[in-house]
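Could you walk me through this structure? I am new to it and would like a friendly tour.

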Amino acid sequence: MSSPVEVRMIVNGTPRAGRCEPRKLLIDFLREELGLTGTHAGCEHGVCGACTILVDGVAARSCLMFAVQADGATLTTVEGLADGDELHPLQQAFHRHHALQCGFCTPGMLIAALDFLATNPEPSEAEIRDALSAVLCRCTGYQNIVKAVADAAEKMRAAGGAS
Amino acid sequence: MKPAKFDYHAPASVEEALALLRRYDGEARLLAGGQSLVPMMNFRLVAPAALIDLNRVAGLDYVVADGATVRIGAMTRQRAIEFSPLIAARLPLLRDAVRRIGHLPTRSRGTIGGSLAHADPAAEIPMVLRALDGQVVARGPAGERRIAAADLFVSPLTTALASDEILTEIRLPAMPDNAAHAIEEFARRQGDFALAAIAVTVAPAAGGRHTVRLATGGVGPVPQRLVGAEAILEQQGFGADTIEAAAARAAELVEPLGDPHASADFRRHLTAVLTRRAVTAASRALA
Ligand code: FES
Ligand code: FES
């Protein structure tokens, strides 16, 4: 009912659990209960995309889900992108192209781009721009983010798939 | 905590969900994809006593061809529709409309039934339901009933669904293989709700004629079929002057809303412009 409930999920490959009220948003659960502060809360009503994570393999706004809804789900957050010390090809491309300034939008940008490239591994620049409209950036003017995603797409194709 | 407290229920069946709706007697809200309801709850614009989450209800997520009809479960994600080969083949207008809803990450959660039940006047799926003259299936205490697109939308954010009913299925007539379609929208930013939108389908009929369906989104309080403009095109074809006349007629037929984003006059103007563009595009695609 409205009293705290137990929530279990796999986050970045690790089983995690916590207790929260049903009204606890997934973004707040990740940050406050699980200490995963890489995912950012911006607008908290679905507009900015900073909170975007993968839920069962597809990108979703974590501010528009209640944590209880993710019970049993498999999540990936920005903390789960790197392979040990090796950054994900998208992260490397963002680094190379200086695709961030303050970095607030970056977790959402990376996850939204990852999901987009999974559906469209060989995108045109226009398609990249269309996809990136899912996440707002107040610093960069987007140019370098578009370049980074295009470059990452190429590298990920060369490496054999959107992993 | 952003939303106010609520009781949370995640029923496994429609029957269970209906029983919960009855128990809360109008004080509960159904949660589908949550892409409209949760923002309103985060702002506390709505604070239901209970949420009945349909995401664990079995059997509401499907796309099937049933003769000349395509049946879509109400909890089918917009993203599933976007990538469904069946929808691409039989309802390309719906696929193109869905691609314009929000962004890929919101389409991952947003559902076709949720969009229809929410009934935002500027939303794409209600416009498509109206353009194709589809119907929805609702289940309530007295059983199942069908509601035609023309009767579903009552006013902004208000449908003919009763508070003890659940929208379970959407039925759309498959588009003929030789039909053409187009959607034209005007929005200030990518992914924003359209200030005005027009959907059109053109299907070859007997005697070299065509069947035309035109519907609006975002212009008036509910999506509207533009029958008078359709008639001009069906009788006179797709010459530039005829399209211009149909566009002018479309602008006369609508009763636009004015708001801080666009005046009523601007929306009327957009109706003509978008009708011209959409019909021109669809008639070219026919050839
Ligand atoms: S914080 Fe979720 S979309 Fe802005
Ligand atoms: S880098 Fe600052 S918001 Fe994008």
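Here is a short walk through the model, from its domains to one helix.

This is a predicted model, where local features need pLDDT of at least 70, side-chain atom pairs count only at pLDDT 80 or more, and totals for chains, interfaces and linings use all residues. Residues are numbered from 1 along each chain as its sequence is written, chains are lettered from A, and side-chain values use heavy atoms, with hydrogens and water left out.

Let us start with chain A, which is divided into domain 1 (5-80) and domain 2 (89-158), bounds that come from an automatic or database domain assignment. Their C-alpha centres lie 21 Å apart. Domain 1 of chain A gives 19 residues to the contact and domain 2 of chain A gives 13 (contact means heavy atoms within 4.5 Å).

What do the two domains of chain A bury between them? About 1,100 Å², with 67% of it on carbon and sulfur atoms; buried area is the accessible area (1.4 Å probe) that two parts lose on being put together, summed over both. On the domain 1 side, strand E3 (52-55) and strand E4 (58-61) of chain A are the elements that give two or more residues; strands are DSSP runs (E) of at least two residues, and helices are runs (H or I) of at least four, numbered from the N terminus.

Now turn to helix H1 (residues 26-33) of chain A, whose buried residues are Leu26(A), Ile27(A), Asp28(A), Phe29(A) and Leu30(A) (buried means under 20% relative accessible area, with a 1.4 Å probe and protein chains only). Their cover includes strand E1 (5-11), strand E2 (14-20), E3 and strand E5 (74-76) of chain A. Just after H1(A), Gly35(A) has a positive phi of about 70°.

Terms used: Buried means under 20% relative accessible area, exposed over 50%, partly exposed in between (1.4 Å probe, protein chains only).
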